[in-house]
Amino acid sequence: NGTITMHTKATGNLSQWRDWTTPTLTDSPTTTTTTTGNTTTTTTTTSQQPGGCTASVSLNQWTGGFVATVKVTAGSTPLNGWTVAMTLPSGATITNAWNVNRSGNTGAVNFTNVSFNGNVAAGQSTEFGYQATGSGAGMTPTCAAR
């Protein structure tokens with residue numbers, strides 16, 4: 001029923017046993033950045049929409065270009081097609097893409113599934129990627145089920 005009862009003879013301080021911090025849940029995009037040598041990897045994830053999908057982008061950035069790997073994850077219901085919208089930073093241009101259709105190469109770009117990756121079971125995911133010139137910093141993908 002959601003209640004935890006301690007035995008009456010139990011002693012001690014629970015905070016001494018716990019070695020973790022309770023996570024804070026948010027609807028905002030989250031970003032993680034790691035730098036190794038001359039390569040910076042950044043992952044940005046959008047919030048889960050009920051029954052819809054989420055998208056996260058992981059960047060492998062180097063001087064003059066980057067590769068973006070985008071993960072599309074189904075929510076509580078299966079996807080029968082999806083669209084990921086993303087605005088590329090000024091100066092970034094897509095030179096190659098795989099496992100996806102796209103609406104353009106610069107600015108606001110919509111990515112849609114291809115025939116073999118549009119159906120995604122509830123809670124499962126698929127990936128696509130692209131290579132581009134310029135910087136990929138600051139991109140936040142949004143996902144919509146079709």
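The torsion about the S-S bond of C53 and C143 is about -100°, so this disulfide is left-handed. The bond joins C53 to C143 with an S to S distance of 2.0 Å, where a disulfide means a pair of cysteine sulfur atoms within 2.5 Å. C53 lies in strand 3 and C143 in strand 12 (residues 142–145), so the pair ties together parts that are 90 residues apart in sequence. The structure holds one disulfide.

A few words on the ground rules. This is a predicted model, in which local features need pLDDT of at least 70 and side-chain atom pairs count only at pLDDT 80 or more, while totals for chains, interfaces and linings use all residues. Residues are numbered from 1 along each chain as its sequence is written, and side-chain values use heavy atoms, with hydrogens and water left out.

Are the two cysteines buried or exposed? C53 counts as buried because its relative accessibility is 1%, and C143 is buried with a relative accessible area of 12%. Buried here means under 20% relative accessible area, exposed means over 50%, and partly exposed is in between (1.4 Å probe, protein chains only). The strands named here are DSSP runs of E, at least two residues long, and helices are runs of H or I of at least four residues; both are numbered from the N terminus.

**Around strand 4**

Let us follow C53 into its strand. Strand 3 (residues 53–62) pairs with strand 4 (residues 65–74) in the antiparallel sense over 10 bridges; two strands count as paired if DSSP finds at least two bridges between them. One of the contacts sets S58 against its bridge partner T69 in strand 4. The hairpin of strand 3 and strand 4 has two residues between the strands, and G64 takes a positive phi near 95° there.

On to strand 4 itself, which is mostly covered: seven of its 10 residues are buried. Strand 4 also pairs with strand 11 (residues 125–133), again in the antiparallel sense, over nine bridges. T69 turns up here too, standing opposite G129 in strand 11.

Strand 3 also holds L59, which counts as buried at 5% relative accessibility. The C-alpha atoms of L59 and G136 are separated by 7.0 Å, although the two residues are 77 residues apart along the chain.

Strand 6 (residues 82–87) and strand 9 (residues 108–112) pair over five bridges, with T83 standing opposite T112 in strand 9. Strand 6 and strand 12 pair over four bridges. In that pairing V84 stands opposite C143, the cysteine that is joined to C53.

Here are the strand pairings described so far, side by side.

| Strands | Sense | Bridges | Residues opposite each other |
|---|---|---|---|
| 4 and 11 | antiparallel | nine | T69 and G129 |
| 6 and 9 | antiparallel | five | T83 and T112 |
| 6 and 12 | antiparallel | four | V84 and C143 |

**Aromatic rings**

Rings of Phe, Tyr and Trp (its six-membered ring) pair if their centres lie within 6.5 Å; planes under 30 degrees apart count as stacked, over 60 as edge-to-face and the rest as tilted. By this rule the count comes to four aromatic pairs. The rings of F66 and Y130 have their centres 6.1 Å apart and their planes at 75°, so the pair is edge-to-face. F66 lies in strand 4 and Y130 in strand 11, so the pair ties together parts that are 64 residues apart in sequence. Both F66 and Y130 are buried.

What about F111 and F128? Their ring centres are 5.1 Å apart and their planes stand at 35°, so the pair is tilted. F111 lies in strand 9 and F128 in strand 11, so this pair ties together parts that are 17 residues apart in sequence. F111 and F128 are both buried. Ring pairs link F66, W82, F111, F128 and Y130 into a cluster.

**A backbone detail**

Most residues other than glycine have a negative phi. N99 is not a glycine, yet it has a positive phi of about 60°. N99 lies in the loop between strand 7 (93–98) and strand 8, and it counts as partly exposed because its relative accessibility is 33%.
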